[in-house]
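Could you walk me through this model in my viewer, one selection at a time? I would like to know what to pick next and what is there.

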Amino acid sequence: MALSKGDRLPEATFVEMGKDGPKEVNLSERLKGRKVVVFGLPGAYTGPCSTIHIPSFIKTAADFRAKGVDEIICIAVNDPFVLKAWGESTGATAAGISFLGDADGSFTKALGMDFTAPQIGLIGRSNRYALVLDDGVITASKVDKPGVCDISTGEHLLAEL
């Protein structure tokens with residue numbers, strides 16, 4: 001999948017940390033009838049993910065909401081326990097960013113966004129991308145080259161709206 005304007009995201013089930021522990025989330029149900037920003041990244045607590053990617057969406061969250069975005073969702077090939085802790089430690093949770101775990105990487109693979117960098121310990125992770133979705137259909141898309149954190153930032157995606 002090229003993540004192009006007009007494409008619909010595939011069906012997927014994620015895991016997110018709820019008040020009573022991990023819970024499954026059906027992506028199409030979550031997106032139905034809503035304008036949502038979804039961004040994917042290699043993983044919690046990794047270098048540019050923590051110092052560039054997440055901060056860019058924290059910084060732009062209010063601007064996205066002012067443009068009618070209902071929710072900002074970060075997807076990573078991690079478990080919900082790690083994503084909850086990472087969201088809290090970065091301030092992303094306080095900024096209203098949601099975290100969905102693609103624990104087995106199946107969604108990431110379906111998008112064609114999977115990559116592996118064994119030299120730094122990343123196996124079966126997600127390339128960086130950022131999307132604006134309207135009812136699950138891509139209206140704006142930014143995809144970085146593997147190992148780069150440049151155009152998939154909050155600022156670049158916001159400029160598309």
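## A tour by selection

Start with Tyr45, which counts as partly exposed because its relative accessibility is 48%. Keep in mind along the way that this is a predicted model.

Since Trp86 sits in helix H3 and Phe99 in strand E5, their pair ties together parts 13 residues apart in sequence. Phe99 is also buried, at 9% relative accessibility.

Zoom out to the whole structure, where a search finds five aromatic pairs. One of them joins Tyr45 and Trp86: this pair is tilted, at 6.3 Å centre to centre and 50° between the planes. Tyr45 belongs to the loop between strand E3 (35-41) and helix H2 (47-66), and Trp86 to helix H3, so the pair ties together parts that are 41 residues apart in sequence. For another stop, select Phe39, Phe57 and Phe64, which form one aromatic cluster.

Finish at the largest pocket, with a volume of about 210 Å³. Phe99 is part of its lining, as are Glu16, Met17, Leu83 and Lys84, among others. Which elements each supply at least two residues of this lining? Colour strand E1 (13-18), helix H3 (80-90) and strand E5 (97-101) to see them. H3 gives the most, with four residues. Coloured by class, the lining shows five nonpolar, four polar and three charged residues.

Terms used:
Residues are numbered from 1 along each chain as its sequence is written. This is a predicted model: local features need pLDDT of at least 70, side-chain atom pairs count only at pLDDT 80 or more; totals for chains, interfaces and linings use all residues. Side-chain values use heavy atoms; hydrogens and water are left out. On a 1 Å grid over the protein atoms alone, a cavity is a set of points where a 1.4 Å probe fits but cannot get out, and a pocket is an open set with protein on both sides within 12 Å along at least five of seven lines; lining residues have an atom within 4 Å of a point. Grid points are joined across faces, edges and corners, and a volume is the space filled by probe spheres set on the points. Ala, Val, Leu, Ile, Met, Phe, Trp, Tyr, Cys and Pro count as nonpolar, Asp, Glu, Lys and Arg as charged, and the others, Gly among them, as polar. Rings of Phe, Tyr and Trp (its six-membered ring) pair if their centres lie within 6.5 Å; planes under 30 degrees apart count as stacked, over 60 as edge-to-face and the rest as tilted. Buried means under 20% relative accessible area, exposed over 50%, partly exposed in between (1.4 Å probe, protein chains only).
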